[in-house]
Amino acid sequence: MKKYIDRLVLILPLTLIVIVFICVIVYKNFNYQTVKKQVYAILHDSANEQSTTLKVTLEGQYSILETFANSLASQEDYDIDDVIRRMGAIQDASSFIYVGVANVNGNLYSSDGRMINVRDRDYFQQALIGQRAIEKLPIERLDLKPRFVIAVPIQKDDKILGAVIGSYEEKEVNKLLVPEVFNKTGYSFLCKQNGDIIIGANNPVSLLNGQNVLDFLKMSKLEDISYEDFEKHLKNNDNGIINYEYKGQIRYAVYQPIGLNDWYIFNVIPMEVVKNLTKENTINFLIMMTVVLGCSIGIFIFILYREKITAEKFETQRVDIMLSQIKPHFLYNTLSTIRTQINSCPEVASNLIYDFSKYLRNNIDVLSNDELISFSKELETIKIYCEMEKIRFGNRVNVIFDISEADFLVPPLSIQPFIENAIKHGVSQKLEGGTVWIGSSEHENKYIIVIKDDGVGFDINVNKKKKSVGMTNSLYRISKMTKGKININSTIGI
């Protein structure tokens, strides 16, 4: 028996080594292809995020200009000095280098006092037919300062009166061309459907502005796709993957249309990323096999530890998800209020835009993290929201503040959903409207916030399972982040 054990002690380690060695060889054969697929999938996801960010950013720029254009269209006539002043205010509150207004003849007055004619520009011609437009201006026109220009029509009924134009530096787009993956070792560039590169990342190994990706790839050695198929993809607005050589180095790239003009985005990484991931996966696999076959107890302990870390991380991520869901809530309602006021009362809409931009500047740090903030800071957001709603509903909504204590901490944007619920589902449902009371106080080292209204009320038992996303998220975050409690009481008709 002892001899058997001695033999087993000798044979088992050798057997384990042989098994691990064979597994590593087999794994290594397909690991490279697996890593490539994973890399391409991550690059595609990153390209989708960049495209979405670019379009959302551009949509915000368009909205600013369109609000101004609608305000101009609603006026019978306007003083040019007042228009220049308003353009300057828009410029100060945005990333535009300058803002301009052009008449149908192309004569443009800019916020910096210049007068130029843009009649021959493509973006202006598109605006004259009632379309939004974006264009990168040639460098020779801009004293070697590359810029992008967007334009929207000034339209009253079916008549085009001119265009509002905004210009911003190329670096504002460049910020979006750094994929937030693989430790930012990759880069991105935009090109047209014909292959002309519009803008490239600030990367010494990236293709340069003014080059043509089709011309370049025609002379390169390609993998994963032929040049003919790649060319067809661009013509047909298809996405795909490509492996090519540039400056003596292999590159892996994905490409896809961004849904803007005929532009494509390319996300590119060097071959070293794939090699390092392959090597890392192989080492991890070797370690995994050694641990699995030789240290089952260690694995069990490791799994328990990892599950604990994962659970803690999941809890943190859940709070992050809740916060990300609540962020757009106030923004959407504010923009809806502004949109409502544009045609009926342009001056009010203009003031709302100014207040809203001030709100964004003051609160952008709060929206980017889930740290607790002072109730006084939250109260500023609440007051802005209430003012917006009072403009929206007129005399039907009255808000009374009774704040005795504001020096304590709350989760950001956690109180507003309850006030929104009181207005939206309470007082606004009554024909004559009503009043919302907002109060705070301190009692026995505890802080109490009271929100009440004299709206239509509701049946608590019926509505327990029908809470809004905003209220549900607020309930969760107040409970988890402050250990607070929330009591909701209501009576139908009261």
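Which residues have the most contacts inside the largest nonpolar core? In this predicted model, they are Ile134, Val164 and Leu190, within a core of 32 residues. The points below begin with the chain and its core, and then turn to individual elements and residues.

**Chain as a whole**

- Among the contacts in the protein chain with a separation of 6 or more, 60% are between residues 24 or more positions apart.
- The protein chain has an accessible surface of about 28200 Å², and carbon and sulfur atoms account for 55% of that area.

**The largest nonpolar core**

- The elements that give two or more residues to this core are helix 1, helix 2 (80–92), strand 1 (98–103), strand 5 (147–156), strand 6 (159–169) and strand 8 (197–200), and helix 1 gives the most, with nine residues.
- Isoleucine 134, one of the residues with the most contacts inside the core, touches Leu58, Tyr62, Phe148, Val149, Ile150, Tyr168, Leu260, Asn261 and Trp263, when residues up to four places away in sequence are not counted.

**A nonpolar patch on the surface**

- Phe21, Ile22, Ile25, Val26 and Phe30 form a nonpolar patch on the surface, and together they have about 490 Å² of accessible area.
- Phenylalanine 30, a member of this patch, is placed in helix 1 (residues 2–73) and counts as partly exposed because its relative accessible area is 43%, which lies between the cut-offs of 20% and 50%.

**Buried residues and a mostly covered helix**

- Serine 111 lies in the loop between strand 2 (107–110) and strand 3 (115–117), and it is classed as buried because its relative accessible area of 14% is under 20%.
- The side chain of serine 111 is joined to that of glutamine 91 by a polar contact of 2.5 Å; leaving aside neighbours within four places in sequence, serine 111 is in contact with Ile84, Met87, Gly88, Gln91, Tyr98 and Val99.
- Asparagine 174 is placed in helix 4 (residues 170–174) and is buried, with a relative accessible area of 9%, while its C-alpha atom is separated by 7.3 Å from that of glycine 200, which is 26 residues apart from it along the chain.
- Threonine 435, in strand 15 (residues 434–443), counts as buried at 13% relative accessibility, and its contacts, leaving aside neighbours within four places in sequence, are with Asn398, Ile400, Val427, Lys452, Asp453 and Asp454.
- Helix 11 (residues 416–424) is mostly covered, with seven of its nine residues buried, namely Gln416, Pro417, Phe418, Ile419, Glu420, Ala422 and Ile423.

Key:
Residues numbered from 1 in each chain as written. Predicted model: local features only at pLDDT ≥ 70, side-chain atom pairs only at ≥ 80, totals over all residues. Heavy atoms only, no water. Contact = heavy atoms within 4.5 Å. Areas by Shrake-Rupley, 256 points an atom, 1.4 Å probe, with all protein chains shown as cover. Patch = residues over 30% accessible without salt bridge, like charges linked within 9 Å, V, L, I, M, F, W, Y side chains within 5 Å. Salt bridge = Lys/Arg side-chain N within 4 Å of Asp/Glu carboxyl O. Helix = DSSP H or I, 4+ residues; strand = E, 2+ residues; numbered from the N terminus. Buried < 20%, exposed > 50% of the residue type's maximum accessible area, 1.4 Å probe, protein only. Polar contact = N/O pair within 3.5 Å; in protein donor to acceptor, adjacent residues only side chain to side chain. Core = buried A, V, L, I, M, F, W, Y, C linked by side-chain atoms within 4.5 Å.
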